[in-house]
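Subject: Handing over the structure

Hello,

I am passing this structure on to you, with some notes on what turned up in it. Please have a look at it first, and then read on.

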Amino acid sequence: KITYLKGKFLGKGGFARVHELTDLTTNRVYAGKIIPRSRLNRPHQKEKIDREIDLHRPLAHKNIVRFHDFFGDVDNVYIILECCSRKSLVHVLKQRNTLTEPETRYFMQQLAEGVEHIHSQGIVHRDLKLGNMLLSEDMQLKIADFGLATRISPDGPKKYAVCGTPNYIAPEVLKMQGHGFAADIWAMGCIMYAMLVGTPPFETATLGETYQRITQNLYSIPAQVSATARDLISSMLRSDPSERPTVTQILQHQFFSQPLVLTELSPSCCYTPPRFPSTVPEDPKSGHSPRAVRSTPAHGYSDCRETKKVTHLVSKLQVQCLKRESSSKSSEAPSKPDSTKSGIMMTLSRVLCPDKRSTQKAGPTVFLHKTLLACLEETPSYATQNPTLLQNVTVPFVTKWIDYSNKYGFGFQLSDNSVGVQFNDTSRLNLSPDKSRVEYHDAAGKMSVYDPLSIPGLLEEKFDLLKYFAQYMDENLTEGADLVPAIEASSKKKKCIPYMKRWVRTTQAIVMQLSCSTLQVNFFKDHTKLVINANHCLLLYINEDRQSCFYSLNDIASKGCEDSLRGRLQFALSALREFLDVEMKDNV
């Protein structure tokens, strides 16, 4: 029987927390992935852990984190892995910003050799990223985290699940066109780019824009990157997965036969650039063959006890800095509970999901902004009560929503029982209340209408997701308010189903803009909601008791309203102002 002593916390991800675990029999230190059984209530969660163990356990390679053991007790499941004491390439880049080309060549060679072994076993990793590139004590790269890995065969069906980390996801994964080994090659291209440039090639301030750049393959390589490195990156980041090189072809690329090839790196490279020989002697036979060298620390220390001492001191300093940084963040978060303007302005600019068609149609946002601005400018400040309620009116608003944008998109249900999804590729799919009409808006804004029984093959996956979202919301979520019966329209012409134009989620609220000139704000703290419809100059206010109160914006402008409602309207105006700024920037 083996007894492990739980040591310091190393990190977390997904369901697990990772701690140092020391085998008290041998005194060897491992990384213990600890998964609470309380997080494994559903069958698919257990299957995910079983699959991770099944795929990772047999992999034995110098550039793959070694799987040692697994077991469980009443409370947790434990996966015992090789411990990589120098953290990951994320931590290196935080200290260094960028790496030199010899260092990049050193790490990319090891990454490629590890991925080559993974692929030879019929496995696609599907989450290659800087954070999963761990470093051992002697600076060897080790591929970690097989939580999203899957097994495929060269002649078997492709995988269609949207998974991975946003900055590294291949376009065929986002588009759900089916993916295989080439998705890992794309991620390798993103990793190499990030090492040389400092950030992944498609990284932006918003998830929506990042996905747009990935699907359109929009990136640029700075001039300081060498021609051979540029060529290798470009080959790995080809949009068509069939045009990307295999790992074997990558290892044969000219980039790996440049004049300086490192056989090992000093640990000091985790925080300072290495020092290379000023000249590299040519091979007398070829005149240009690479010379294998060791890196030496920039500060002049040799690889000895002194270097290890310095490295140890710096690593301790880094941990202290990280602790201070994280504690300051946690203390700042709740510091301004009443500052609605500043909160939304900071958050909107960071996570806003921009509408791809804003360059063609900015009108609804401008109309909404002007309508609400005019209302608030006219509202008398002396009012102490809300105007008279309107009767027998209604506007469409979101009654249920589900944020699954980390994988697929944002799903919602409207008060008329229509449902929709805004996918991460910015396309939209909507189903009418009577389930007889499907409307699809592609990323360019073109709308197509289908019968639910005759959905094109290319949209079947998205339609299945929409039905799944609808079922989940129906079975698990409650209505956002006591619904007002919808008034039948007299027009015989079928109106388009309102779709989600854009949305943003902050610490205080979720803000949603519908295509029907409607803005909705759901406040998390008191569960109140605002729905502003510019077409009819209507305001729906859903109070803490879930009661729906309809007001005319004209009445609010002329007679005023309670301070609490005015404050919420100011919040909505701030959101619209940010939405409008984004549209204006897109139009430039």
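A word on terms before anything else: helices (H or I, at least four residues) and strands (E, at least two) are DSSP runs, numbered from the N terminus. Please keep in mind that this is a predicted model, where local features need pLDDT of at least 70, side-chain atom pairs count only at pLDDT 80 or more, and totals for chains, interfaces and linings use all residues. Residues are numbered from 1 along each chain as its sequence is written, and side-chain values use heavy atoms, with hydrogens and water left out.

First, the overall picture. The protein chain has 14 helices and 23 strands. Of its 588 residues, 49% are buried (buried means under 20% relative accessible area, exposed over 50%, partly exposed in between, with a 1.4 Å probe and protein chains only). Taking contacts (heavy atoms within 4.5 Å) between residues at least 6 apart in sequence, 61% join residues at least 24 apart.

Next, the open sheet. Its 5 strands run in the order β1-β2-β3-β5-β4, with antiparallel pairing; two strands pair if DSSP finds at least two bridges between them. At the edges are β1 (4-13) and β4 (67-72), each pairing on one side only. From one strand to the next, the twist averages 25°. β4 is joined to strand β5 (residues 76-82) by 5 bridges in the antiparallel sense, and the bridge partner of G72 in β5 is V77.

Two helices are worth a look as well. The axes of helix α5 (residues 182-197) and helix α7 (residues 227-236) come within 8 Å and cross at roughly 145°. Here axes are lines fitted to C-alpha atoms, for helices over the stretch in contact, and angles run from 0 to 180 degrees between N-to-C directions. From α5, the contact takes in I185, W186, M188, G189, M192, Y193 and L196, and from α7 it takes in A229, L232, I233 and M236.

Now for N430, which sits in strand β15 (residues 428-431). Is N430 buried or exposed? It counts as buried because its relative accessibility is 1%. A polar atom of the N430 side chain lies 3.1 Å from the backbone oxygen of P498. Beyond its neighbours within four places in sequence, N430 touches several residues, among them F412, R437, H441, L466 and Y499.

A444 is found in the loop between β16 (438-441) and β17 (447-450). With a relative accessible area of 53%, A444 is exposed. Its C-alpha atom is 8.7 Å from that of T426, 18 residues apart along the chain.

Why is strand β23 (residues 548-552) largely enclosed by the rest of the structure? Because 4 of its 5 residues are buried.

Finally, I556 belongs to helix α13 (residues 553-559) and counts as buried, at 0% relative accessibility. The C-alpha atoms of I556 and T379 are separated by 6.2 Å, although the two are 177 residues apart along the chain. Leaving aside neighbours within four places in sequence, the contacts of I556 include T379, P387, L539, Y551 and L569.

Best wishes

Conventions
Polar contact = N/O pair within 3.5 Å; in protein donor to acceptor, adjacent residues only side chain to side chain.
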